[in-house]
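Good morning, and thank you for the time.

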Amino acid sequence: MSIRGLGYLQVQATDVGRWRELAIDALGFAEGSGPASEGLYLRMDERRHRLAVLPGGSDRVLAVGWEVRDQYALASVREAVEKAGIEVTVLSSAESAERNVEAAVAFTDPVGTPVEVFFGPVLDHSPLRTGLDQQFITGPQGMGHVVLPTPRPEEAVAFYCEVLGFRPRGAMKVAEAAGHPVRVRFLGINERHHSLAICPAPHQGDPGLVHLMVEVDTLDAVGRALDNVNNLGFSLSSTLGRHTNDKMISFYVRAPGGWDIEYGTDGLRVDERYYTAEEITKDSYWGHDWSGSEPLAAFTLPEA
């Protein structure tokens, strides 16, 4: 597989100040660096930033950035996407520098997600000072995972698996439509159980995300973050719980813009030599109570 992991996420936000409170004050991200003076750049490791929050008039995903090994792998991905009939743009040197990478290409996936593929992230070797004294689990497993909403989930799954080389890592049936089961599908590219999930949704468009998951090294860090979220008045979408597929112990908090951040620890590592895809019948072994959650923007039909 050419793609190695989720490298970065860029989002546009109408309230960067509230984002700062959530990411830095509550969840303990470190502040990174980037070119937009009014933007918020969030650091998790030696990368200059992993999550970029840029000011704008609406809340939406600007780019989901997937990392490849080198320039040759980048060329291979570009060729595969173009052969699939999708136009690919090569980012300029200045645009790549804005993302703190050596080179990148951009395209829109078949269901409307803005995608970037890159190599050569620029590193920051200064000490990383996280707010909860936690270590984010990144490295070979990438930044975490994203869940994308779409009314055409099978088309999205086919593209990511057949063109970009993701591997199925199980599913969960969520509905029946026209006599056929509708499933959330989980896709992996490294030892992390899934770096991407495709979720059936009633519409596509802004904000373009269901959630972003980040993983930390201790349950204590998760607990402290949960206390901070409650003390700072953020909406808790889901209580603490343990998932059945990736075994993550996590909670979900509503980010400004109508989508969630999942913050967890103790995720499963997959050995691809022995893995076979499974269908879970329950999201969690315990916890993850969603009864108090506000509706996600991806599942709320836009006003006419």
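Pro 207 is buried, its relative accessible area being 4%; buried means under 20%, exposed over 50% and partly exposed in between, with a 1.4 Å probe and protein chains only. This is a predicted model, in which local features need pLDDT of at least 70, side-chain atom pairs count only at pLDDT 80 or more, and totals for chains, interfaces and linings use all residues. Residues are numbered from 1 along each chain as its sequence is written, and side-chain values use heavy atoms, with hydrogens and water left out.

Pro 207 sits in the loop between strand E12 (196-200) and E13; helices (H or I, at least four residues) and strands (E, at least two) are DSSP runs numbered from the N terminus. Beyond its neighbours within four places in sequence, Pro 207 is in contact, meaning heavy atoms within 4.5 Å, with residues including Asp 59, Arg 60, Val 61, Gly 257 and Trp 259.

Trp 259 brings us to strand E16. How many of the seven residues of strand E16 are buried? Seven of the seven are, so the strand, residues 259-265, is largely enclosed by the rest of the structure. On one side lie Trp 259, Ile 261, Tyr 263 and Thr 265, and on the other Asp 260, Glu 262 and Gly 264.

Let us turn to the pairing of E16, where two strands pair if DSSP finds at least two bridges between them. Strand E13 (residues 211-216) runs parallel to E16, joined by six bridges, and His 211 has Asp 260 as its bridge partner. Strand E15 (residues 249-255) runs antiparallel to E16, with seven bridges; here Tyr 252 is partnered with Glu 262. Three residues separate the strands in the hairpin of E15 and E16, where Gly 257 has a positive phi near 120°.

Finally, the salt bridges, each a side-chain nitrogen of Lys or Arg within 4 Å of a carboxyl oxygen of Asp or Glu. The structure holds 21 of them. Asp 260 forms one with Arg 254, with the closest N and O atoms 2.6 Å apart. Asp 260 is buried at 1% relative accessible area, and Arg 254 is buried at 7%. Arg 242 and Asp 266 form another, at 3.1 Å from N to O. Arg 242 lies in strand E14 (residues 236-243) and Asp 266 in the loop between E16 and strand E17 (279-280), so this pair ties together parts 24 residues apart in sequence. Asp 266 itself is partly exposed, at 45% relative accessibility.
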